[in-house]
Amino acid sequence: MRQNRLCAFAICTLLGFLFWGCGTSKKALPMKDGKGEAERLMQFEQFKQTSLPNTAFRLSGTVSYCDSLQVRELRSGVILFVSPHEGLALSLRPLSFVEAGTLYLSPRHVMAFDKINQCYVATDLVEIGELLGVQLTYPLLESLIFGLYLPLGEESALTIEREQAVERCEKLHIAVAYHMHPLLGRPSVVELTSLQRERETIEVTYSHFQESIVGILPQEVRIVAKKKGEALSTLTFTFRTPRPEAQIAKRLSPPSTKHQTEIPLLTFLKAF
């Protein structure tokens, strides 16, 4: 079913697609013409201090997917429940009253439920990172989703160039290139590189920033997978204004796995 494919693809995307082997593109958006290196460094240091406040919230919107040949185009409603620094739950809803699947992501566990086929995947970020050749952390994924600074640790090395800021961390096997919005002090484009794989690119574009109860957030997050400069597939999340979520503990608690079939992670990924 179309809903099943979209559910599986979105779940796989947040688990691994964002970090699948990639290489930084040579194209870049300028931070701002005329800025000196010291000013650009100051802008980036201010950006590094941004984070989500400790306010639980929810985001409603849509998610869509298309491949390079536009053979497959899928679209569904989505609700994202977030408890900053603690966890999130992504609910896929092809109809407002029908939940096709849910992804639960926290520092301790990752669980994906296909509610139509009554099956689930249970894993963690360590296992996913081993498959993808990087070391994943929850703060890294949370920051990537909301266009914040990706914490790579004290062992990372930062290079400020005229067109971009690049931070590399050999320990995590990751390099991140930021192309900053000249006025907002937030990235308009982030490119991720697995230092163990250099043929493919993951480009994340943030647009339509808005001031909200949890600070400045992008209303649209567009993820493009590229190989040798050519787009292979595109995943786009479009969100409305965030709202407070009073029942966050309930939203982030995975359901019982009774009467459901567990699928190994590799089997799940190979199926899609």
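Guide: Gladly! Helices (H or I, at least four residues) and strands (E, at least two) are DSSP runs, numbered from the N terminus. This is a predicted model, in which local features need pLDDT of at least 70 and side-chain atom pairs count only at pLDDT 80 or more, while totals for chains, interfaces and linings use all residues. Residues are numbered from 1 along each chain as its sequence is written, and side-chain values use heavy atoms, with hydrogens and water left out.

Visitor: What joins the side chains of Glu45 and Lys48?

Guide: A salt bridge does, at 3.9 Å from N to O. The term stands for a side-chain nitrogen of Lys or Arg within 4 Å of a carboxyl oxygen of Asp or Glu.

Visitor: How many salt bridges does the structure hold?

Guide: The structure holds six. One of them pairs Glu99 with Arg93, the closest N and O atoms being 3.8 Å apart; Glu99 is partly exposed, with a relative accessible area of 25%. Another links the side chains of Arg168 and Glu170, at 3.3 Å from N to O. Here Arg168 is partly exposed at 40%, whereas Glu170 counts as exposed because its relative accessibility is 52%. Salt bridges can also share partners, and in this way Arg58, Glu245 and Arg251 are joined into one network.

Visitor: Which residues touch Thr123?

Guide: Contact means heavy atoms within 4.5 Å. Leaving aside neighbours within four places in sequence, Thr123 is in contact with His109, Val110, Ile128 and Leu265. Thr123 sits in strand E6 (residues 119–123) and is buried, with a relative accessible area of 10%.

Visitor: What joins the side chains of Thr123 and Glu127?

Guide: A polar contact of 2.4 Å. Such a contact is a pair of N or O atoms within 3.5 Å; within protein, one must be able to donate a hydrogen and the other to accept it, and residues adjacent in sequence count only if both atoms are side-chain atoms.

Visitor: And how should I read a nonpolar core?

Guide: In soluble globular proteins, nonpolar side chains tend to be buried together. A nonpolar core is a set of buried Ala, Val, Leu, Ile, Met, Phe, Trp, Tyr and Cys residues joined through side-chain atoms within 4.5 Å.

Visitor: Which residues of the largest nonpolar core touch the most other members?

Guide: Among its 58 residues, they are Phe44, Phe57, Leu80, Phe146, Tyr178, Val204 and Phe237. Helix H4 (residues 138–146) gives the most to this core, with six residues. A second, separate core has 10 residues, including Ala56 and Tyr104.

Visitor: What does Tyr178 touch?

Guide: Not counting residues up to four places away in sequence, the residues that Tyr178 touches include Phe44, Phe47, Leu148, Pro187 and Val190.

Definitions and conventions: Buried < 20%, exposed > 50% of the residue type's maximum accessible area, 1.4 Å probe, protein only.
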